[in-house]
Every structure is written in C-alpha cells, then in structure tokens.
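Hi,

Here is the structure I said I would pass on to you. Have a look at it first, then read my notes below.

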Amino acid sequence: MVGYVPEEVYLYDSLTVREFFEFVASVRGQTGNVLGLVETLVKSFEIEDYYDYPIATLSQGTKQKVAIIATLMHRPPILVLDEPIKGLDARSARIFKEIMQLHIQNGGAIIFSTHIMDLAENICTRIGIIHKGRILAEGTMQDLKKMVDESAGTLEEVFLELTREKEEIAHIVEELKRGLL
Amino acid sequence: MRGLRELWKISEKVYREIVFRSTLYQRGITSIQAKDIEKLSKQLKYTGMYKILMLIMSAFYALFGSLTLQDLLTKSGGTELVQVAFFIAAYILMNGFILFFLGIVQSSMIFTPEIYYPISILDLSWEELSRIMLFAYLRIFDVYLIGSIALTLALFGFITKNVILSILTALGLSITYMITLWIILYLAKTYLYKFASPELSASRLIIKIIAVLGYALIFAVAYLIPTSLINYLPGIIDTFLALDPVIKHILIVVPPLNYAYFTAQIIYLDQGFSSEFIVATVSTALYMGLSMIALRKTLSIFKKINH
C-alpha cells in the first residue's frame, strides 16, 4: 500500500543488489512479473553493473537508487519519501522526478519532504511549509502566494517571506558585499 | 499474517546481515577495502560450515559427557550420587557457558538500526517484525542449541542406557539455555548496543577481548575438564562432603548444581531421601520458574522491539 524511502538509507550490506531485490520481493510476496519492472528501473538508474555487487561496496548515491527501486517494486499507490533525491546525480535525479510525475499521472499519491524548493514547486499539488518544527502554511502554490506579498513569484520567495528570513538575508548580503568588495 | 515457516525464511537474510556486521566490526570496519567486503560477503554463504563445527563441538561434549557419566554410574562407594550430581552440573554449566560466548558478539548486533530498519520499512506487521527478529536471534544459536539438547538426549540414553537420566539432563540443558538466552539478550540490549557503533574503537577492543577470551576458555575447558574430572573429581567430592552441612546446603541451592543434585537423587532413589534432596528439589522448582520468567522476558523484549 505504502512505499517509503527514508532520508538515511539502511540496506542489508551483506546482500548483493540482486539478492536484496529478490529478498524485498519475497517479503512482499511478489512473484514473476516484478523482475521486469526492476530490470527497467535498474537500467534507468544505470546500476546494471552493480547488480551482483555486495551493497556494502556501493556509494551512498547508488544505495539511494537501490532503496528507491526497492520502494517502487511493488507499485504502491502511496509513496512517502524523505529527501528522495539526496545523494543522486543530476541524471538520476531527473529520472526520479519523471518517475514521480508518472506515478501521479497513474493516480498515485506522493508525500515527501525536501529542502529543494524547485522540486516541491514543480511536482506538488499541495505544499506544507515547516519551519522550526511548526507548520507555517499549507495549500496549493496559489494559496501560499496569497498568504504573502503578491510579488513573490517562486516557492523559495514564498518560503522566505513566511519564515521572515527575507530581510535577514538581505542584511547578510549587504554585509557580505561590504566585506568582500 | 505470514506463517512461521515464511517468517523463519525471511529471518535467514537478517541473520546473515548480523553475521556480516559482527565480522566487520570485529575486524575494524574502516580498514576493510571493497574487495575484502566482496570476499567476506561470498564467505557468508558458507556460514553453515561454522555451524557444522559448532555441532561437532556439541557432539564431542555430549559423547565425552555420556562416557564419563557411564563410568561414574558403574562406581560404588557411597559418593556416587554426589559425583554424578557434580558432573551433570559441570556439563550443564559448560554448555551454557559455550552458548553464551558463541552468541554474545553477534547478539550485540541485533538491536542496531542497520539490522532492524531495512525490514521495518517493508510491508510487515509489528507482530511479524517481532517474530522475524526473534527468529534471527535464535538462528545465532540454532545448531548448537538444538544439537546439544538432541545429542545429550540421544547419547546419554544410548550409552548409559538410562532414559530418565538422559531426559532430565536434556531438560536441565534446556532450562539453562532459556536463562542464558535471556542474559545474552539483556546484555546485548542494555550494554552491548554501544559496541555496535563503529566509532567507539575502545569498546570494540573490549568486545574483541571478551570474544577471544571466551573462545580461549572454551578450548581450555575442553582440554581441562576431562583431565580435571578424572583426576580431581574424587578430591572435589571429598572436600564437598567434608563441608559444614549449612554451607553444603547453600551450595546445593546454587544453579545448576541444584538441578543436577535433584537429577542424581532421582537416579539413585534407592539411596533414600536426605535434607539435601529437599533443598535441591525446592530450588530446582524455583530454577524452573526462573527459566519460565526468562523465556517470557525474552519474548517480551522482541514484542517491544519497535518501541
């Protein structure tokens, strides 16, 4: 039902990538056709070469890709993702964004946390802004814009307005200019 | 809810990871290169060999134990009951001791996030997750645990031709194992969690020393016990019998001597009952009760593993 990718990825290092996928499939009771989807995802993320390598030998980015594939394997309707593109290279990050879009088009839902404002702005239908552990605002991009200065064009600007960090940043920039120039 | 067979199968991978990580930590994770990890990962497929060695060790102890016991049972002279009691106590204690040292390092891994998290995010209920972790824990000991009990039952029965003796000794082993398993788990949960952290090199060193000492002691005991028992058992018995009756009764209360004394008294029913027998019986009942509490506590730790 739910697929979850944590920020800190923990996988079984003693298993190879192939064994890990087989293990996840067996725990979820998946058979046969799942391997076709795994193969497609493995090729998309370019990790075929590591397929028979122990997970312990992989880089953090590759482990992140393995975790993402393991989450998508059973086609869960709901995805819960914590900083999903952290550690991914530009190519893989782009592919993952496309996968997220396809998931939404197929009627799926995604709940994810990110510090990358562009990602949230481009993908999310509803956005919640959390600052120092408190939800400051929640709604569509249009709703959020209405909450601040109408001139705020991007989610980043909305965020800085809502968290009242815009003036602080302007002040810091002034000081930097004086110090560096 | 998945069946127990399925959960046992899933626990195999969890156990494999426990073995892998405990081996890495013992070697010092930071100094190991990718090619070493690959080699180690391949070697893990042969953990069954290690278990066979454990089985051979338990077979050796059971064989030696039954032969010595057979020798003691044919003796007479008034001290045979105490000799049999002391030998059974030594046998049970030695097996419990081996179980402890075979499992303490690997058990320290079971509560680490690296072991628990990967399966906690799969579609498993908390109950299934608890059972998988319990099974993974039991896999650390399975061959030695089942092997030593089964071999004790079989060899003691076959060689001494005394079925009651073999059943009671195997039962004594089971009771001691239940308590030992809880002690290991308690230590792993309370103290040894910190040892799993790679940055605590001093702690890792301590656990290495414990492991090395443990293995050294096992082999020392394997060599010393046959020699000791043959040469010194009569002397030990004489000293015991010469003790003040109060001290003697206090010693009989101490597990597993209480259980062993109770067993020996059952074997030598024809020698009549003594006050030592009453003390041994009462403390054996308490010992059995303690083992039940230990079992419940062990299960309870796994039930609460998600908290």
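Helix 7 of chain A has its buried residues covered by, among others, helix 5 (117-123), strand 4 (127-131), strand 5 (134-139), helix 6 (141-147) and helix 8 (166-180) of chain A. The buried residues in question are A:L155, A:V158, A:F159, A:L160 and A:L162, in a helix that runs over residues 155-162. After helix 7 of chain A comes A:R164, which has a positive phi near 55 degrees. Keep in mind that you are looking at a predicted model.

Now for the cores. In soluble globular proteins, nonpolar side chains tend to be buried together. In this model, the largest nonpolar core has 128 residues. The residues with the most contacts inside that core are A:F20, A:F21, A:I69, B:V14, B:I119, B:M133 and B:Y137. Which element gives the most to this core? That is helix 4 of chain B, with 16 residues.

Chain B has 11 helices and zero strands, so reading along the sequence you get α-α-α-α-α-α-α-α-α-α-α. Of its 307 residues, 51% count as buried. Take the contacts in chain B with a separation of 6 or more: 81% of them are between residues 24 or more positions apart. The accessible surface of chain B is about 14700 Å², and 70% of that belongs to carbon and sulfur atoms.

Is B:N95 buried or exposed? With a relative accessible area of 0%, B:N95 is buried. Leaving out residues up to four places away in sequence, B:N95 touches B:Y144, B:S148, B:L173 and B:Y177.

Next, the aromatic rings. A pair of aromatic rings is described by the distance of the centres and the angle of the planes. Over all chains, the structure holds 17 aromatic pairs. In one of them, the rings of A:Y12 and A:F23 have centres 5.9 Å apart and planes at 45 degrees, so this pair is tilted. The pair links distant parts of the chain, 11 residues apart: A:Y12 is in the loop between strand 1 (2-5) and helix 1 (17-27) of chain A, while A:F23 is in helix 1 of chain A. A:Y12 counts as buried because its relative accessibility is 0%, and A:F23 counts as buried at 4%.

Another pair is B:F87 with B:Y91: the ring centres are 6.5 Å apart and the planes are at 25 degrees, so the pair is stacked. Both residues lie in helix 4 of chain B (residues 80-107), four residues apart, which is about one turn of the helix. B:F87 is buried at 2% relative accessibility, and B:Y91 is buried with a relative accessible area of 2%. B:F87 and B:Y91 also belong to one aromatic cluster with B:F64 and B:F156.

The charged end of B:K51 sits over the ring of B:Y15, 4.5 Å from its centre. B:R139 lies over the face of B:W8, at 4.1 Å from the ring centre.

Last, a few spots in the backbone. The peptide bond from B:P255 to B:P256 is cis, with omega near 0 degrees. You can find B:P256 in the loop between helix 9 (245-253) and helix 10 (257-267) of chain B. A:E46 is not a glycine, yet its phi is positive, about 55 degrees. A:E46 is in the loop between helix 2 (34-44) and helix 3 (60-72) of chain A, and is partly exposed, with a relative accessible area of 47%. A:R75, not a glycine either, has a positive phi of about 45 degrees. A:R75 lies in the loop between helix 3 and strand 2 (78-82) of chain A, and A:R75 is exposed at 63% relative accessible area.

Cheers

How values were computed:
Residues are numbered from 1 along each chain as its sequence is written. Chains are lettered from A and ligands numbered from 1 in the order in which they are written. This is a predicted model: local features need pLDDT of at least 70, side-chain atom pairs count only at pLDDT 80 or more; totals for chains, interfaces and linings use all residues. Side-chain values use heavy atoms; hydrogens and water are left out. Rings of Phe, Tyr and Trp (its six-membered ring) pair if their centres lie within 6.5 Å; planes under 30 degrees apart count as stacked, over 60 as edge-to-face and the rest as tilted. Helices (H or I, at least four residues) and strands (E, at least two) are DSSP runs, numbered from the N terminus. Buried means under 20% relative accessible area, exposed over 50%, partly exposed in between (1.4 Å probe, protein chains only). A charge sits over a ring if NZ of Lys or CZ of Arg is within 6 Å of the ring centre and within 35 degrees of the ring normal. Contact means heavy atoms within 4.5 Å. Accessible areas come from the Shrake-Rupley method with a 1.4 Å probe; for residues, only the protein chains shown count as cover. A nonpolar core is a set of buried Ala, Val, Leu, Ile, Met, Phe, Trp, Tyr and Cys residues joined through side-chain atoms within 4.5 Å.
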